[in-house]
2 protein chains.
Amino acid sequence: MPELAYVNGNIMPIQDATIPIEDRGYQFGDAVYEYITSFNKRPFLLDEHLARLKRSMTELSFPLVDMDTIRSAVLEIFDKGGYDNGDVYIQISRGVAPRDHAFPESNEIQFIMTVRETKRYSDEMHANGIKVITVEDQRWGRCDIKTVQLLYNALAKQKALDSGAYDAVFVGPDNVVREGTSSNLFIIVDQTLITHPLTPNILPGITRACLLQICRERSIPFQERFFDTNELYAADEAFLSGTTTEVLPLIEIDGHPIGQGGIGAISKKLLAALRNKM
Amino acid sequence: MPELAYVNGNIMPIQDATIPIEDRGYQFGDAVYEYITSFNKRPFLLDEHLARLKRSMTELSFPLVDMDTIRSAVLEIFDKGGYDNGDVYIQISRGVAPRDHAFPESNEIQFIMTVRETKRYSDEMHANGIKVITVEDQRWGRCDIKTVQLLYNALAKQKALDSGAYDAVFVGPDNVVREGTSSNLFIIVDQTLITHPLTPNILPGITRACLLQICRERSIPFQERFFDTNELYAADEAFLSGTTTEVLPLIEIDGHPIGQGGIGAISKKLLAALRNKM
């Protein structure tokens, strides 16, 4: 079965899917995206992803888009893909126009998607955890909007791989720890979950919100507050969270071992609770 | 005559030119660009643009590219375009691969260009100048690399237009004035040209370098140093510089009038000297 793409209403094999070279997503990074995964043919937290997609477009003053049309198209490509567990990537750009920084007159967005079989982390990675490095956060100032301004994320991820780690964690001024290259970050100190508060410097992660909801439901104490690299290195547990990341334990950060090696007790409980919601 | 595009060796009308949706330039902004203009069929400062393009690719660890091939293709599309005065836009991305932050194994870059008749500013704009506003610089940390991480530039340009100005100027911490949304910035104080030094926060403009060379040749004093908004508002003259911008005078910044209205004496001399080199 070929992997499928959707381009402005048409579905085709991914390798046949193209966009005009003057798409503003290509020449200005003027595009937003979402990544949605399904379990047993049911898209997980679809409404939350669509709400964030709408917010991203609103924040950037995109042309108005009918979200029901988007929703139907997402369900259609999940269906046509036919995977029990599938990943749908959605990208919407401000449209196509001769290159000019100013917004074009046209109100025609470009709307593309791909669907593939879910690319999950192995049980082994979830059990054993990964190593990460920290890198200075040099991304732009609106990382709360899910745009394709991702070059620095890609550079940081590659730097991590080149150094023998698996991913990188962004650190802002005063060594404040922000998030991963495609995930949010949590630490656990004295049985309490701690994560960076929602500011323009981090993505309002849907899995992040889901985990905080789990904490509320199960009376697990949590704090949304700033913490620095010293607190990170000394944490009892640490993990990355995200749609495909789920709860991915960190066992080493900049060479500092975290916890006892492998997934910690609270992280394990949260991963199980998250999967229980799927 | 149709406006032409070049895509990986093939030339076609722009509206027929497409790239795969999984081009990393589209999904990660993982692409660099140049903009070259010709006068009387002669590309201006071609070697300098190609050198900067090569530097951009090197800084981002792009696959190695034969610059002679790039050069020949640029000359070919200028020629096929047939304009006496033409603008060639070049964009090179890291290539096409299933979406993943890490660099792909493949060493195949994507190389696209467009050619159009030159879009110059009118004599009136050069004579009368423009109004600009300042905006906080929220771009990423490597603005010295000419990438398509340009969403914030586009937002700032649109904000300027919406507020009745023509362009925006980025201001960093401590109110240090950096550059325009697609140009460098100079001020003139007591007959001396002042411009932001080359750091990761500004583009190493080719017109900027050409103007400093003119200063050397003509013994016009200049300083590459930081200056803040107070010094900007109080400047005797101010202008933006760039490939299509040339020397574009600023007559009002955040509502503060600059100079006597219209192009100042030194700016006028520099514009004439720049055009003399074309």
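In the predicted model, B:Leu46, B:Asp47, B:Leu50, B:Leu53, B:Lys54 and B:Met57 of helix α2(B) are in contact (heavy atoms within 4.5 Å) with B:Met67, B:Ile70, B:Arg71, B:Val74 and B:Leu75 of α3(B). Helices (H or I, at least four residues) and strands (E, at least two) are DSSP runs, numbered from the N terminus. Local features need pLDDT of at least 70 in this predicted model, side-chain atom pairs count only at pLDDT 80 or more, and totals for chains, interfaces and linings use all residues. Residues are numbered from 1 along each chain as its sequence is written, chains are lettered from A and ligands numbered from 1 in the order in which they are written, and side-chain values use heavy atoms, with hydrogens and water left out.

The axes of α2(B) (residues 46-59) and α3(B) (residues 67-81) lie 11 Å apart, at an angle of about 135°; axes are lines fitted to C-alpha atoms, for helices over the stretch in contact, and angles run from 0 to 180 degrees between N-to-C directions. The pair α2(B) and α3(B) is therefore oblique, the class left once angles under 35 degrees (roughly parallel), over 145 (roughly antiparallel) and 65 to 115 (roughly perpendicular) are set aside.

Turning to the sheet, six strands of chain B form an open, antiparallel arrangement in the order β2-β1-β7-β6-β4-β5, where pairing requires at least two DSSP bridges between two strands. Strands β2 (10-13) and β5 (42-43) of chain B each have a single partner strand, so one side of each edge strand is left without a neighbour in the sheet. Helix α2(B) also packs here, touching β4 (31-39), β5 and β6 of chain B, and its direction makes about 180° with that of β4(B). Within the sheet, β6(B) (residues 86-93) and β7(B) (residues 110-117) run antiparallel and are joined by eight bridges, with B:Ser93 partnered by B:Gln110.

Strand β12(B) (residues 192-195) is covered on both faces: B:Thr192 and B:Ile194 on one side, and B:Leu193 and B:Thr195 on the other, are all buried (under 20% relative accessible area, 1.4 Å probe, protein chains only). Four antiparallel bridges link β12(B) to β11(B) (residues 184-189), and B:Thr195 is the bridge partner of B:Phe186. Two residues separate the strands of this hairpin, in which B:Asp190 takes a positive phi near 50°. A parallel pairing of three bridges connects β12(B) to β13(B) (residues 222-224), where B:Gln223 stands opposite B:Ile194.

Notes:
Buried < 20%, exposed > 50% of the residue type's maximum accessible area, 1.4 Å probe, protein only.
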